[in-house]
Amino acid sequence: MTDLARDMDRRTLIKVGGAGALALAGLAALGARPARAAAADSEAAVKKLVGNAPIKDGKITLKLPQIAENGNTVPFSVVVDSPMTEKDYVKAIHVFADGNPSPGVASFTLTPRSGKAEISMRMRLAQTQDIRAIAVMSDGQVFMAKQEIKVTIGGCGG
Amino acid sequence: MISRRDFLQAAAAAAALVGPALLPAKAAAQKLSLGDLTRFEPLGQVTLLHFTDIHAQLMPLYFREPSINIGVGESQGLVPHLTGGLFLKRFGLKYGSPEAYAFSSEGFAQLARQYGKMGGLDRMATLIKAIRAERPGRTLLIDCGDTWQGSYTSLKTQGADMVRAMNALGVEAMTAHWEFTYGAPRVKELIGQLKFPFLCGNVKDTQWEEEVFDHTAVFERGGLKIALIGQAFPYTPIANPRWMIPEWSFGIRDDVLQKRVDKARADGADLIVVASHNGFDVDRKMARRVKGIDVILTGHTHDAVPEAIKEENTLLIASGSHGKFLSRLDLKVEGKRVVDFRYRLIPIFADAVPPDPEMAKLVAEIRAPHQAALDKVVGKTETLLYRRGNFAGTFDDLICQAILAERDAEIALSPGFRWGGSALAGANITMEDIYNQTAITYPAVYRNDMTGAQLKEILEDVADNLFHPDPYYQQGGDMVRSGGLAYTIDITKPAGQRLSDLRLIKSGRAIEADKRYVVAGWASVNQAVEGPPIYDLVARHVERQKTVRLEENRSVTIVGA
């Protein structure tokens with residue numbers, strides 16, 4: 001997915017993420033909650049992609065609602081602070097949904113020609129969980145940002 | 001005959017009711033007049049007038065403020081999460097005083113008889129006209145939403161009655177929440193009838209993420225350029241039916257708000273005001289995260305806070321609900337900074353304020369075609385009926401009992417709405433009273449089978465919407481009310497672990513995870529829910545009971561508050 005950040009248009013939405021019955025409903029109806037991926041699965045998936053490099057905070061802005069309006073299609077974007085030059089650029093952005101049956105949501109490969117390190121897409125979320133974005137830099141450094149997102153079943157606000 | 005309007009005296013009767021020891025002589029001697037309510041030493045160039053969450057109440061009403069309103073995380077122990085004696089102490093109010101009656105639940109049952117009803121749009125109009133006359137060219141009247149919904153007439157006219165009333169009142173801008181429950185086409189229609197802007201800067205369409213509504217309106221007042229930015233309730237499609245507004249996406253979007261604030265400042269605004277339906281705790285956090293807002297006029301959480309609360313460089317104003325109060329905030333601005341302010345949350349004692357004749361006429365005209373239905377008496381109550389409170393209110397107890405009886409269910413669930421007036425002990429229950437608690441556009445009372453595990457999951461989910469330590473994750477509303485079910489809740493525990501010891505009240509038996517229970521409730525956000533409308537069901541139940549009497553609700557045990 002080279003040059004994805006430049007090429008991907010909001011109108012070409014990609015739906016990825018784990019399958020599973022969604023329990024997004026009001027008080028009246030409930031679907032069964034899917035099995036949660038073991039935290040260990042998620043850790044293993046991260047390790048597979050970034051190896052043993054130390055993971056640092058910073059550089060990443062994760063834009064995600066606090067509470068999903070529709071767990072079937074949750075918009076989000078990841079912006080990484082990088083000049084995107086030949087010497088210093090973001091090589092890859094990985095997104096994980098720790099609470100989905102299959103935590104790996106998407107991986108993006110970038111080059112200096114991507115222009116900016118920014119991706120946005122929509123994903124399907126099975127339940128309330130943490131979303132993690134991991135950026136691998138050209139010098140091998142690895143950064144991570146994390147945010148909780150609630151996928152609620154009960155709507156009673158007012 | 002001396003009416004209470006001419007002469008509202010707390011003295012003798014209140015002292016007799018609550019006992020002289022509880023009522024200081026000074027408070028007892030207090031009389032209320034229009035002059036007392038409008039007394040204000042003007043300050044600075046501009047006066048912001050604010051009300052919010054009127055919930056379609058055209059007429060004066062009784063409204064008991066909450067006695068339980070728990071703050072968690074960073075909001076713990078802070079305004080507006082002070083109730084009862086702590087609230088009175090924080091604001092230096094005396095038990096038994098008119099202010100104690102208006103702002104708190106302390107002594108409500110007795111004081112309501114003494115001080116009478118609050119609000120009424122004709123009284124509101126009188127106050128607004130008086131202040132406008134005093135400050136010509138310097139006032140701005142802002143409504144923070146939840147205006148079009150909450151009464152019989154608003155439901156029957158699909159919000160049109162309130163649009164007429166707000167136009168007549170001369171509102172100059174609004175934002176929204178429950179307005180959206182009339183559905184997208186009707187919302188657009190009503191916006192077309194407004195004589196002022198409908199500002200919702202945090203709403204985008206789901207497809208292209210383009211803006212749906214105007215976000216900012218600019219006003220010139222008192223020589224100042226004022227930018228007003230609207231913020232709709234961020235969780236409307238979650239708390240209310242998304243299918244009614246399928247193409248609109250909400251959210252707090254404070255990064256977008258920051259851009260709007262910066263743009264307004266760059267365009268020369270001397271004063272930046274946000275009309276918000278976020279709820280107080282969310283606004284308090286937002287005031288720290290978004291730089292450059294001078295004033296946030298808050299809404300949604302119905303808090304009546306008698307002082308302006310300063311969070312960093314932003315003033316937070318909380319003006320109560322149901323037309324009980326009008327906020328007046330005078331601001332002195334120098335070099336694009338608020339250098340001084342004076343604030344009063346004016347309690348509108350209906351018997352102390354003469355009605356404005358024009359507004360009284362309009363209200364009468366709106367109600368006339370519905371008068372017979374509004375006035376229909378369905379029963380009588382021996383208990384004070386009210387709704388507000390984190391876990392239970394007697395009106396919801398009545399609604400839950402009605403659902404259990406009329407739908408033959410083991411457990412009843414009733415949403416934790418914050419709106420709905422109070423009915424005093426000994427009063428008749430009219431259809432108007434019932435609609436004031438239930439007038440929504442998705443009223444079907446469902447009846448479902450649910451496992452114990454599912455039931456617990458729902459309650460945990462709603463509890464997290466109320467008690468998540470980060471206000472940005474709070475969806476608003478009080479805890480869902482339950483009938484036939486008892487439980488313990490520890491508000492300090494993390495999501496999914498707050499509830500324990502769930503039991504059926506009737507049998508005393510513990511709720512079993514795998515066992516199925518018959519659960520009935522109303523206000524489901526799902527489409528095509530089947531069942532009778534809640535207002536008819538409650539009316540039928542009360543008619544059968546004739547006289548309603550409710551025992552104290554001890555079904556929820558609260559830990560960690």
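## Domains of chain B

Chain B splits into domain 1 (44-61 + 117-365), domain 2 (62-116) and domain 3 (376-559), with bounds from an automatic or database domain assignment. This is a predicted model, in which local features need pLDDT of at least 70, side-chain atom pairs count only at pLDDT 80 or more, and totals for chains, interfaces and linings use all residues. Residues are numbered from 1 along each chain as its sequence is written, while chains are lettered from A and ligands numbered from 1 in the order in which they are written.

## Where domains 2 and 3 of chain B meet

Taken over C-alpha atoms, the centres of domain 2 and domain 3 of chain B lie 24 Å apart. Their contact draws on 14 residues from domain 2 and 15 residues from domain 3; residues count as in contact if their C-beta atoms, placed from the backbone, lie within 7 Å. On the domain 2 side there are eight nonpolar, four polar and two charged residues. Here Ala, Val, Leu, Ile, Met, Phe, Trp, Tyr, Cys and Pro are nonpolar, Asp, Glu, Lys and Arg are charged, and the others, Gly among them, are polar.

## Helix 18 of chain B

Buried means 20 or more other C-beta atoms within 10 Å of the residue's own, with C-beta atoms placed from the backbone. Among the buried residues are L455(B), I458(B) and F467(B), and the cover includes strand 17 (411-416) and strand 23 (516-522) of chain B. Helices (H or I, at least four residues) and strands (E, at least two) are DSSP runs, numbered from the N terminus.

## Chains A and B

Between the chains, the contact takes 21 residues from chain A and 40 residues from chain B. Chain A's side has nine nonpolar, nine polar and three charged residues.

Key: Two residues are in contact if their C-beta atoms, placed from the backbone, lie within 7 Å. A residue is buried if 20 or more other C-beta atoms lie within 10 Å of its own, exposed if 12 or fewer, and partly exposed in between; C-beta atoms are placed from the backbone.
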